[in-house]
Amino acid sequence: MAEVTLRIEIVSAEREIFSGQAEMVFVTGILGDLGIAPGHAPLITALKPGNVRVQLPDQKEEIFYVSGGMLEVQPYIVTVLADTAERAADIDEAAAIEAKERAEKMLAEKVSTVDFAKASVELAEAVAQIQAAQKLKKRLK
Amino acid sequence: MAVAKEIRTKIRSIKNTQKITRAMEMVAASKMRKVQDRMRRAQPYAKKMLQVIGHLAHGHPEYRHPFLDQREIKSIGVIIVTTDRGLCGGLNTNLLRATLRRMKEWSDQNITVQLCLIGKKGEAFFKRIGGSVVAQVDHLGDAPAVTDFVGVVKVMLDQYLEGKVDALYLCSNEFINTMRQEPHLQQILPLVPSENPKLKHYWDYIYEPDNAKELLDKLLTRYIESQVYRGVIENIACEQAARMIAMKNATDNAAELINELELAYHKARQAAITRELTEIVAGAAVV
């Protein structure tokens, strides 16, 4: 059993997946597989969808699947910034087009300037309604 | 007894409404706790991300990523986060009011505003009052995923890279506590790089592939996505808190109303009894 361990943190935007000490970490980098032992030189790379294998100090192994992301290595800290889903340029592009289309559909009549007067009247009305309701409640008490 | 019967029917209907509002209050309370938990779980990622970006930016002072560059501001992109559903008090109204105030200031300075709307309430509002909406997404539910925002974020980032907007703001509610939520306008682009005092001596990463730009690009995009995600999650927590309070008020109001109606009911009932008695006594007197 090795004396030296490194700290591994696997986080995604939605939650922390794993955090703890490990003897060695294996990941699938964009240029190939990587094995990281304690004291590794600082490194940063993108990850391909694949497994992150963590060798724990008690000789057990934990395996996590990540759908891509980034790996940051500092001598005794390894951070995996995992993506929550597989990402590719064309998927992103498709999502962007969909968001745009939805906006265009929404503004079929295409009014591109904000009617501030109308907006403030509308919002003032909403606020007045809420205030009136509160006043009414106080009066009832 | 006609009046008493009418009142009784009314009391029953209010009691039914009260049941619904009480249930909604409890549902909102439990959802709020869940969302708060999600909010907390999203923190480590953003924190780590910022550290790595800080390292990268410091390691490459010669390369300025456009996301970090301050430009003269002629146009501003605003991502406005609203709820999909109503019955949450003045939450959306307050947010839209705060946003509109800023938009008015900008338009007075001849800065154009491009909008990106998340949530149905904002959509309905800007549909009525107009505005240049470039991207829109709704029906996210209570547990949206980061991937739900990839599209809208990409549209806004593209706009920024193409120079159509010179700054990007995120407008959402800030969760202060259960009783208080406040509109919050946060600048997400250009990123203000944090000074990292820990970095005394120069060191740099090994890059794989050997292109810091590409990696930084990816990191920054992910970071901004995670910021938007956090904003939306926080806004959902606010929505649930606001709905909880609104429904609690509604339940209390219903209870008050029932009290009053019950009083009126008893009065009516007693009046009816008294009248009957007088009639009987009067009848007996005649005999």
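**Reading salt bridges, cores and surface**

Mentor: Start with one residue and its cover. This is a predicted model. Glu93(A) has a relative accessibility of 35%, so it counts as partly exposed.

Trainee: Which residue does the side chain of Glu93(A) meet in a salt bridge?

Mentor: The partner is Lys154(B), with an N to O distance of 3.7 Å. The pair joins two chains, because Glu93(A) lies in helix H1 of chain A and Lys154(B) in helix H5 (residues 150-161) of chain B. Salt bridges that share partners also bring in Asp158(B), so that Glu93(A), Lys154(B) and Asp158(B) form one network.

Trainee: How many salt bridges does the structure hold over all chains?

Mentor: There are 20. One of them links Arg222(B) to Asp83(A), where the closest N and O atoms are 2.7 Å apart. This pair also crosses between chains, running from helix H6 of chain B to the loop between S7 and helix H1 (89-106) of chain A.

Trainee: Is Arg222(B) buried or exposed?

Mentor: Compare its accessibility with the cut-off: buried means under 20% relative accessible area. Arg222(B) is at 9%, and therefore counts as buried. Asp83(A) is at 9% as well, so it is buried too.

Trainee: Which salt bridge could I set beside that one?

Mentor: Take Glu182(B) and Arg180(B), whose side chains meet at 2.6 Å, N to O. Glu182(B) has a relative accessible area of 33% and is partly exposed. Arg180(B), at 43%, is also partly exposed.

Trainee: Let us turn to nonpolar residues. How many residues does the largest nonpolar core have?

Mentor: A core is a set of buried nonpolar residues joined through their side chains. The largest one here has 65 residues, and those with the most contacts inside it are Ile79(B), Ile118(B), Phe149(B) and Leu219(B). Helix H6 (residues 212-286) of chain B gives the most to this core, namely 17 residues.

Trainee: What is Leu219(B) in contact with, leaving aside its neighbours within four places in sequence?

Mentor: Read the list by chain. From chain A, Leu219(B) contacts Ile44(A), Met70(A) and Leu81(A). From chain B, it contacts Met49(B), Val52(B), Ile53(B) and Leu56(B). Apart from this core lies another, of 25 residues, including Met106(A), Leu95(B), Phe125(B) and Ala167(B).

Trainee: Which residues make the nonpolar surface patch of about 260 Å²?

Mentor: Val4(A), Tyr76(A) and Ile77(A) make it. Ile77(A) is found in strand S7 (residues 77-82) of chain A. Its relative accessibility is 34%, so Ile77(A) counts as partly exposed.

Trainee: Where does Leu87(B) lie?

Mentor: Leu87(B) is in the loop between strand S1 (75-81) and helix H3 (91-108) of chain B. With 54% relative accessibility, Leu87(B) counts as exposed. Leu87(B) and Gly131(B) are 44 residues apart in sequence, and their C-alpha atoms are 25 Å apart in space.

Trainee: Finally, what does the domain assignment of chain A give?

Mentor: It gives domain 1 (6-88) and domain 2 (91-140). To see how these parts are placed, look at the distance between their centres. The C-alpha centres of domain 1 and domain 2 of chain A lie 44 Å apart.

Technical notes: Residues are numbered from 1 along each chain as its sequence is written. Chains are lettered from A and ligands numbered from 1 in the order in which they are written. This is a predicted model: local features need pLDDT of at least 70, side-chain atom pairs count only at pLDDT 80 or more; totals for chains, interfaces and linings use all residues. Side-chain values use heavy atoms; hydrogens and water are left out. A nonpolar core is a set of buried Ala, Val, Leu, Ile, Met, Phe, Trp, Tyr and Cys residues joined through side-chain atoms within 4.5 Å. Buried means under 20% relative accessible area, exposed over 50%, partly exposed in between (1.4 Å probe, protein chains only). Helices (H or I, at least four residues) and strands (E, at least two) are DSSP runs, numbered from the N terminus. Contact means heavy atoms within 4.5 Å. Patches are made of residues with over 30% relative accessible area and no salt bridge: like charges are joined within 9 Å, nonpolar side chains (Val, Leu, Ile, Met, Phe, Trp, Tyr) within 5 Å. Accessible areas come from the Shrake-Rupley method with a 1.4 Å probe; for residues, only the protein chains shown count as cover. A salt bridge is a side-chain nitrogen of Lys or Arg within 4 Å of a carboxyl oxygen of Asp or Glu. Domain bounds come from an automatic or database domain assignment.
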